[in-house]
Amino acid sequence: MCGIIGYTGKKNITDELVAGLEKLEYRGYDSAGIAYCERGKLVTVKAVGRISELKKLTDGLRPDSSCGIGHTRWATHGKPTLANCHPHLSYGGKFAIVHNGIIENCRQLRLLCESRGISPISDTDSELIAHLLEMYFEGDLRKAADKVAGMLEGSFAVGILCSCRPNEIYAFASRSPLAIGEGRNFCALASDGNALSGAETLVFLKDGESALLRPSGAEYYRKGKRINPQSAPFSAASALSGKDGYAHYMLKETYEQPEAAARTIAALSGIKLRGALSFIGCGSSYHAGLSMLPLACHACSRPAQAQLAGEFLCSERVKSRGTTAVLLSQSGETADTVAAALEAERRACRTFAIVNVASSTLTRVCGAHAVTRAGPEIAVATTKGFTSQVVAVAAMLARGTLAESTERLPFIMEKALEAGVSDEAEEASRLLAISPNAFFIGRKADYGVALEGALKLKEITYIPALGLSAGELKHGSISLIGEGTPVVVVHTDPRLREKTLLTVASVRARGGFVIAVTDDRDVCAACDLAVRIPSSDPFLSPAVSVIPLQLIAYRAAVLLGRDVDKPRNLAKSVTVE
Ligand code: M6R
């Protein structure tokens, strides 16, 4: 969470920093700020709310320096207020810092500051870094920064500006991504390499490494010694792109799914997942793993399970030699999933990451990895990230006729997009938008999709939505169903028809309004409203059946006037445990 940016070069610093923050806004958007040097003094400009609020304050500013740092925040310690907004200044005004991550020993560090008569003005853990820097500064920024970095516990990527070196930025990182980009006459940093467009090369700091950025380039250090890390060329293809005429990124990304799936299948079909499988992820990535369990267990006869990364971390530490922990993550930065990868290694599992961001942390901590080819996903609510994970798992597991069916998925997904804009789907959106709550149910592969459908609806419309295994409804939750309660039934497996029909009947008997998302004529006929989807192999159907659910949720959110791409309280990548 949170995005940090830094630039030293020749351009107008306020414009450069704000433009960089706009690209990072998906990482957090409750407040934002920048810092630069003006006539030897550090200046900060901060705003609560979106980057657009900050932009109103910086438009027209022409500082005399072309070096600065910026931050867009997703609150962890303290509310989104100006005081808690980064950059934070040190007590004497000599240092400004931006920080992404969590300082776990912040209580002790706060006490240390207070014992020296320094009273932090914010509730944040980050501000302490600025004070510690000034406390230990004896003329050598690198020495002071190394000392402070050694005192911090937790995860951090930090950018530092010092009033005595106005054209330089110092940065260090541990367990939090930080990319340094070099271009002609400038050097920049960002917590997402994709935000560094214009850079010719990129270096990702490894844990414990630091960098000194000057307009002429960067110097890198580890334990006080100069190092020459490997740089990679910046790929223009991965630069964050625009909305291409779509009203929202979520809509654009929904429509990109067939192509993203085709690219992913083509790229990953040659890779094999070995042994017993344990799919681990958070949110939608967990749902993707869950929805692929029937394929792994039933179609491919593999022992397999799906676990939430956070729960895996809390479970008993049992050695699982021979198991491949498949870490699913669009961003590759989710803190719980990264921690689960490290924990899986401690449990003697093989670790295999399936990520959409090639340069992400998970690719570095896992034994092996595969990169889905969804392209940058900006909307907080994932769409193509989810389906790319589903087809990635299918491409790496399916053999014979199932592999052929996998190849055909992108064409079927095209048709599912049409189902998502059918009159029935639009009617479903209208109904859901005025409902106080909603249910999403399904069995086997459809269970994971039901959970995903519920998550899509709640995260972008704020309507409480419960995703359930269809068989579980009768064990308690059915008590919530009354006249008109919308229940979305996902049904794609003909072997489950009778069970689905029974569930539909029991919901309707209690007044529930059943919306089917199915290719099954009998199920359609038994429901109040049916969104007819194209048929696909039931083991692969999650890549298809989820699409109308995404579009239904999207339209409901638009009807309600929600901020679809940046829903309240959320951020695109959750880099805190
Ligand atoms: O980047 P990741 O796939 O690891 O993210 C995991 C979840 O935070 C993510 O899927 C979240 O649930 C999405 N906002 C859902 O749309």
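Visitor: Which residues come nearest to the ligand, of the 14 around it?
Guide: S285, S329, S331, T334 and E459 come nearest. A residue counts as near if one of its heavy atoms lies within 4 Å of the molecule. The model is predicted: local features need pLDDT of at least 70, side-chain atom pairs count only at pLDDT 80 or more, and totals for chains, interfaces and linings use all residues. Residues are numbered from 1 along each chain as its sequence is written, and side-chain values use heavy atoms, with hydrogens and water left out.

Visitor: How far is the side chain of K456 from an oxygen atom of the ligand?
Guide: An N or O atom in the K456 side chain is 3.0 Å from a ligand oxygen.

Visitor: And what about T382?
Guide: There a polar backbone atom is 2.9 Å from an oxygen of the ligand.

Visitor: New topic. How many disulfides are there?
Guide: The search of the whole structure gives 0 disulfides. A disulfide here is a pair of cysteine sulfur atoms within 2.5 Å.

Visitor: Is C67 buried or exposed?
Guide: C67 is buried, at a relative accessible area of 0%. Buried means under 20% relative accessible area, exposed over 50%, and partly exposed in between (1.4 Å probe, protein chains only).

Visitor: And C300?
Guide: C300 is in no disulfide either, and the nearest cysteine sulfur, in C297, is 9.3 Å away.

How values were computed:
A polar contact is a pair of N or O atoms within 3.5 Å; within protein, one must be able to donate a hydrogen and the other to accept it, and residues adjacent in sequence count only if both atoms are side-chain atoms.
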